[in-house]
Amino acid sequence: MDITAHAGALQNAVPEPLQTRVKVRWDEHFLYVGAQLLEPFVNGTLTGHNAGPPPYLDNDFEAFVDVLGRGEYYKEFEMNALNATYDVNWGRADCAPLACSHAGGAGAGGWASLPTCVNTSFHGYAGNWSMVNANASAPLARGMRTATAWTPGAFGVPTFPHAAWTLEIAFPIAAFDGRASGAGWRGGLLDADPVVQQDYNRAHPALGDAGPGRPRYWWVDFARAEHPLNCTFSDGSCLVCPFSCSEALATKTLVSVAKANMTAVRERWPTLLGGGYWEWVWGPVGEARPGKGYMHRPSTWPLLQFAPAPPAVQPLCRNIEFPGRHVALSVHLAQAAFALAHNGSFAPSLGELLAAAAQTQSTVCAPNLQTSDTCDLAALRLAADTPGVFEVAVEITANASVLTRQCTARPCYLASVRVTPPTPATRNTRNGGERGKGGAAAGSGGGSRGGSGGGGGNAGAYGYTVSINENRRVTVAHTDGISPCLDEA
């Protein structure tokens with residue numbers, strides 16, 4: 001669907017000749033992604049890996065992976081039909097004024113206190129990180145592998161109603177040999193920095209479930225960028241692909257729409273982004289306004305649930321962490337709005353945030369716009385009204401003597417949301433525990449936003465706490481007990 005969630009179905013929907021299908025598999029070394037992109041005009045100009053302009057300047061396919069759901073050290077990958085590729089390791093979400101270190105070292109302002117801003121071998125950024133093996137003579141089996149193909153004869157030729165191009169990717173899960181650099185080094189999806197690397201190592205899907213009754217989840221989204229192309233006929237008329245393509249263009253040459261003409265394209269198709277392209281995604285992100293979508297909001301991405309066997313053997317289990325994470329993020333976003341209205345200070349409690357929201361809803365929680373960029377007022381009220389399930393606390397440090405990842409500014413805060421799932425006797429206990437290593441089995445996709453997710457569990461004393469600070473750093477701690485799956489109850 002469109003990158004932003006709109007009220008109108010026509011704005012949300014991707015036309016049938018432009019649909020994308022994605023499949024995902026995994027084993028102990030790789031996350032495998034295959035995709036088919038329908039396309040009326042398969043084309044591309046860029047080649048190479050992290051060389052020259054980025055692939056999104058052509059029509060491209062994109063994958064984003066956050067293995068812990070922290071919004072830290074998530075991976076961005078892009079490729080076009082000519083197999084030009086681009087990969088980036090984002091230390092902090094590129095979606096807000098969040099604190100991070102450009103130095104990328106353990107010195108002052110480095111790993112000891114802040115995550116690295118960004119690390120990639122792509123020019124224009126700092127660092128040398130990549131999932132591609134740096135040594136062409138080393139075995140390629142341990143580095144990222146990619147390939148593309150397309151409908152025979154379709155490249156560079158308008159095809160109606162559509163042709164298709166396909167891609168395959170093998171993402172390495174862990175860094176080769178664990179080395180930070182060197183001829184045989186290449187990165188993996190688990191890469192972080194030395195201070196938190198052990199946390200990320202424990203996110204490896206081959207280790208089995210994350211805890212009793214708790215499958216392994218990664219936050220993942222897929223996207224494609226589609227640029228408008230036009231053709232002007234001798235009578236002065238003009239068609240814009242992909243939306244008004246027709247067989248009349250089969251023998252014509254399509255050219256990029258000039259920047260001066262983008263306004264006219266946007267007036268007719270208002271979801272065109274500011275960069276001059278449409279972006280369509282597996283799970284929508286960003287503000288519910290035309291032209292405002294942005295992929296770099298990891299907390300909004302859908303989930304992959306890792307299974308050691310095909311989904312028919314292990315049913316989908318929706319992530320029990322979602323309610324706590326959603327309330328915690330809403331607290332954080334409400335605090336950011338509160339600080340803007342109160343000279344940089346934060347509210348000491350959920351009650352004060354709700355009181356401020358009641359007085360000035362439009363500045364603390366937009367009442368009818370529940371997206372990644374405004375707090376969910378209904379969720380905060382529900383948390384306040386159900387203390388047996390949600391317990392929200394805020395700890396403020398006005399003048400910290402030392403800034404750390406937990407306290408990145410003066411003042412700073414740490415908000416915690418303790419969730420104790422209700423345990424109706426009618427729920428069936430889900431078989432929990434470690435399941436061992438996974439083979440080349442399917443990683444089944446599941447949305448992260450609720451709905452019935454299979455049987456719940458008799459959780460007993462089970463619960464979990466989600467913490468978030470002023471730098472939007474999310475951590476989750478679980479108590480003993482078998483986790484239930486999230487369901488509508």
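How many helices and strands does the protein have? The protein has seven helices and 19 strands; both are DSSP runs numbered from the N terminus, with helices being H or I runs of at least four residues and strands being E runs of at least two. The structure is a predicted model, in which local features need pLDDT of at least 70 and side-chain atom pairs count only at pLDDT 80 or more, while totals for chains, interfaces and linings use all residues. Residues are numbered from 1 along each chain as its sequence is written, and side-chain values use heavy atoms, leaving out hydrogens and water.

## The whole protein

Let us begin with the overall picture. Of the 489 residues in the protein, 51% are buried. Here buried means under 20% relative accessible area, exposed means over 50%, and partly exposed lies in between (1.4 Å probe, protein chains only). Among contacts between residues at least 6 apart in sequence, 68% join residues at least 24 apart, where a contact means heavy atoms within 4.5 Å.

L189 and V67 are 122 residues apart in sequence, yet their C-alpha atoms are 7.5 Å apart in space. Leaving aside residues up to four places away in sequence, L189 touches L31, V65, V67, K75, M131, F171, P172, I173 and W218.

## Helix α5 and its two partners

Now to the helices. Two packed helices are described by the angle between their axes and the distance between the axes. The axes are lines fitted to C-alpha atoms over the stretch in contact, and angles run from 0 to 180 degrees between N-to-C directions.

Helix α5 (residues 350–359) packs with helix α7 (residues 377–385) at an angle of about 140°, with their axes 11 Å apart. That angle makes α5 oblique to α7; angles under 35 degrees count as roughly parallel, over 145 as roughly antiparallel, 65 to 115 as roughly perpendicular, and the rest as oblique. The crossing of α5 and α7 is left-handed, a term used if the near helix is turned anticlockwise from the far one by less than a right angle, with clockwise being right-handed. From α5, the residues L350, L354 and A357 meet L377, L380, R381, A383 and A384 of α7. By class, this contact of α5 with α7 has seven nonpolar, no polar and one charged residues. Ala, Val, Leu, Ile, Met, Phe, Trp, Tyr, Cys and Pro count as nonpolar, Asp, Glu, Lys and Arg as charged, and the others, Gly among them, as polar.

Helix α4 also packs with α5: their axes come within 11 Å and cross at roughly 60°. That makes α4 oblique to α5, and the crossing of α4 and α5 is left-handed. V331, A334, Q335 and F338 of α4 make the contact with E352, L353 and A356 of α5. The residues of the contact of α4 with α5 divide into five nonpolar, one polar and one charged.

Which residues of α5 are buried? They are L350, L353, L354, A356 and A357. Seen down the axis of α5, these buried residues fall within an arc of 160°, so they line one face of the helix; the arc is that of the directions from the helix axis to the C-beta atoms. On the other side of α5, A358 and Q359 are exposed.

## Loops and backbone details

| Residue or bond | Backbone feature |
|---|---|
| F160 to P161 | cis peptide bond, omega near 5° |
| R410 to P411 | cis peptide bond, omega about 0° |

P161 is found in the loop between β7 (145–150) and β8 (163–172), and P411 in the loop between β15 (390–397) and β16 (412–419). N343 is exposed, with a relative accessible area of 80%.

At 9% relative accessibility, R472 counts as buried. One of the residues that R472 touches is H332.

H332 belongs to helix α4 (residues 322–341) and is buried, with 6% relative accessibility. Not counting residues up to four places away in sequence, H332 touches Y413, I468, N469, E470 and R472.
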